[in-house]
Amino acid sequence: MEVSKLNYYFTGILIVLFVLLAFMKPAYPGSTQTNVSGSNTAIEGGYTSTATTTYQSGSSSNSTTNSTTNSNTKSAPPSASSPSYNSMTQDVCAVGGSLGVQTFGLGISGGKHFIDKNCERLKLARILNDFGMKVAAVAILCQDERVFESMIQAGTPCPIDGKIGKEAKQLWGKYDHERPDYTTYVKRMKDREKADIEAQIQMTKELDAMDKVKAKEEAKNKKQIEWKDPR
């Protein structure tokens, strides 16, 4: 159940990201810069340089240089980091899950704690067993459908309403909807019923075939021993 919640949580985040990505456009730079070493510098706007030289004779020389460079560079923001979740101590049954996604102009990250129910059952059963409550410890473990099924297959059904053994088996048969493996149990019963019907049909066909063979043999034997009056 907890794993399903984690899957739903991550699926929701991914759906939001896909919707955002559908309305976003990639950034394409207006110019391309290539630099082997050092750093790149983009200058936007116009640049004008004027130089004037005057000679002693009174003549002059003017030189004007105009340079215009436009650069439109867009880059992705820093990557989003998903947060880390710690259990703080070793004696807890919580696991952390986190997810982070980064796109152009948007980054999303999140995390959450999830409770491991199977870990809790094991710890509770161990504590009850240490206190001498063995039946209660087994009852806790029987909340897992795999343990419940294995107990049924071993001929030692799980406790119910203070009953064990044959009495517990009768109660589980009466209140089968309370079984932790009820869905699997119903499917298995339907499969068995279907298999029984098919076996019964096959057996009927075989019996009919045997009856036909027997009838043919009886008719053949009757014909051989039939006596006729010579008169």
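1. Basis. The model is predicted: local features need pLDDT of at least 70, side-chain atom pairs count only at pLDDT 80 or more, and totals for chains, interfaces and linings use all residues. Residues are numbered from 1 along each chain as its sequence is written, and side-chain values use heavy atoms, with hydrogens and water left out.

2. Fold. The chain holds six helices and four strands. Helices (H or I, at least four residues) and strands (E, at least two) are DSSP runs, numbered from the N terminus. The order from the N terminus is α-β-β-β-β-α-α-α-α-α. Of the 231 residues, 13% are buried (under 20% relative accessible area; exposed is over 50%, partly exposed in between; 1.4 Å probe, protein chains only). Among contacts (heavy atoms within 4.5 Å) with a separation of 6 or more, 42% link residues 24 or more positions apart.

3. Helices α2 and α3. Helix α2 (residues 117-130) packs on helix α3 (residues 134-141) at about 170°, with the axes 8 Å apart. Axes are lines fitted to C-alpha atoms, for helices over the stretch in contact, and angles run from 0 to 180 degrees between N-to-C directions. The two helices are therefore roughly antiparallel (over 145 degrees; under 35 is roughly parallel, 65 to 115 roughly perpendicular, the rest oblique). On the α2 side are Arg121, Leu122, Leu124, Ala125, Leu128 and Asn129; they meet Lys134, Ala136, Ala137, Ile140 and Leu141 of α3. By class, this contact has eight nonpolar, one polar and two charged residues. Nonpolar here means Ala, Val, Leu, Ile, Met, Phe, Trp, Tyr, Cys and Pro; charged means Asp, Glu, Lys and Arg; the others, Gly among them, are polar.

4. Aspartate 144. This residue sits in the loop between α3 and α4. Aspartate 144 counts as buried because its relative accessibility is 7%. Neighbours within four places in sequence aside, aspartate 144 is in contact with Asn118 and Arg121.

5. Aspartate 161. The loop between α4 and α5 holds aspartate 161. Its phi is near 55°, a positive value in a residue other than glycine. Aspartate 161 is exposed, at 62% relative accessible area.

6. Second largest pocket. What lines this pocket closest to its centre? Of 13 lining residues, the closest are Ile152, Gln153, Lys169, Arg179 and Tyr185. The elements giving two or more lining residues are α4 (145-153), α5 (165-174) and α6 (182-224). Helix α6 gives the most, with four. The lining divides into five nonpolar, three polar and five charged residues.

Technical notes:
On a 1 Å grid over the protein atoms alone, a cavity is a set of points where a 1.4 Å probe fits but cannot get out, and a pocket is an open set with protein on both sides within 12 Å along at least five of seven lines; lining residues have an atom within 4 Å of a point.
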